[in-house]
Amino acid sequence: MLIAGLAAGVTEAVAVVNPMEVIKIRLQAQHHSMADPLDVPKYRSAPHALFTVVKEEGLSVLYRGVSLTALRQGTNQAANFTAYTELKAALQRWQPEYSNSQLPSYQTTVIGLISGAVGPFSNAPIDTIKTRLQKTRAEPGQSAITRIMVIAKDMFKTEGTRAFYKGITPRVMRVAPGQAVTFTVYEFLKGKLEGSNWAFVGGAYEE
């Protein structure tokens, strides 16, 4: 499960998450004075932000911080899947009546919630550095690893260790319930399909 979760997270980060996060962070980071009607924000929408960022900084900017995003997503999914699998196995050992059957939905929801919180706590520093990296333009001639080191050093020097865990509460509040719902629905549908007479024929399920 650890390797499967890691591979899934890295694939997810490279294919989808990183480009979308660059645009999201640019939209969130722009300053706009609501008191001044003439202060027009640079990015009007996600498509406009995507077009503007690529036009001004090139297509490669969408993959700025991709190594950190892949590391974050990989460790997040690895921790999430591993925690869920271990918690599920523990509950089935403690409750022999469920050793070969599906756990009650409320138990699946609880362990999904716990496993969903494990990921953010395991990689919060990576996520914080990644966000700051994607917020700003790259300095000419500065490599990605150099920027990462500069950002991390500056955070520690000016804000202390706690800076690496900024935003952890809203992140856990967002991720953990989502994983609880995901695992609960997955287990429910899996149980329904395995308990029925349905078979996969010609690209579709038939009873």
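Which residues does Asn76 touch, not counting residues up to four places away in sequence?

Modeller: Asn76 touches Gly119, Pro120, Asn123 and Arg171, where contact means heavy atoms within 4.5 Å. This is a predicted model, in which local features need pLDDT of at least 70 and side-chain atom pairs count only at pLDDT 80 or more, while totals for chains, interfaces and linings use all residues. Residues are numbered from 1 along each chain as its sequence is written, and side-chain values use heavy atoms, with hydrogens and water left out.

Asn76 is found in helix H3; helices (H or I, at least four residues) and strands (E, at least two) are DSSP runs, numbered from the N terminus. Asn76 counts as buried because its relative accessibility is 8%. Buried means under 20% relative accessible area, exposed over 50%, and partly exposed in between, with a 1.4 Å probe and protein chains only.

Helix H3 covers residues 66-94, and the loop between helix H2 (46-57) and H3 holds Tyr63. Tyr63 counts as partly exposed because its relative accessibility is 39%. Together with Leu2, Ile3, Leu6, Val10 and Val14, Tyr63 forms a nonpolar surface patch with about 530 Å² of accessible area. Such patches consist of residues with over 30% relative accessible area and no salt bridge, nonpolar side chains being joined within 5 Å. A salt bridge is a side-chain nitrogen of Lys or Arg within 4 Å of a carboxyl oxygen of Asp or Glu. Accessible areas come from the Shrake-Rupley method with a 1.4 Å probe.

The largest nonpolar core has 10 residues, among them Leu68, Ile129, Leu133 and Ile151. A nonpolar core is a set of buried Ala, Val, Leu, Ile, Met, Phe, Trp, Tyr and Cys residues joined through side-chain atoms within 4.5 Å. Helices H4 (105-135) and H5 (144-159) each supply at least two residues of this core, and H5 gives the largest share, four residues. Ile151 is in contact with Ile129, Arg132 and Leu133, leaving aside neighbours within four places in sequence.

As for the whole, the protein chain has six helices and two strands, and 37% of its 207 residues are buried. The mean pLDDT of the chain is 83; pLDDT is the predictor's confidence in each residue, from 0 to 100. Among the elements, H4 has the highest mean pLDDT (90) and strand E1 (residues 199-201) the lowest (50). Where pLDDT is low, the predicted coordinates should not be read in detail.

Notes. Patches are made of residues with over 30% relative accessible area and no salt bridge: like charges are joined within 9 Å, nonpolar side chains (Val, Leu, Ile, Met, Phe, Trp, Tyr) within 5 Å.
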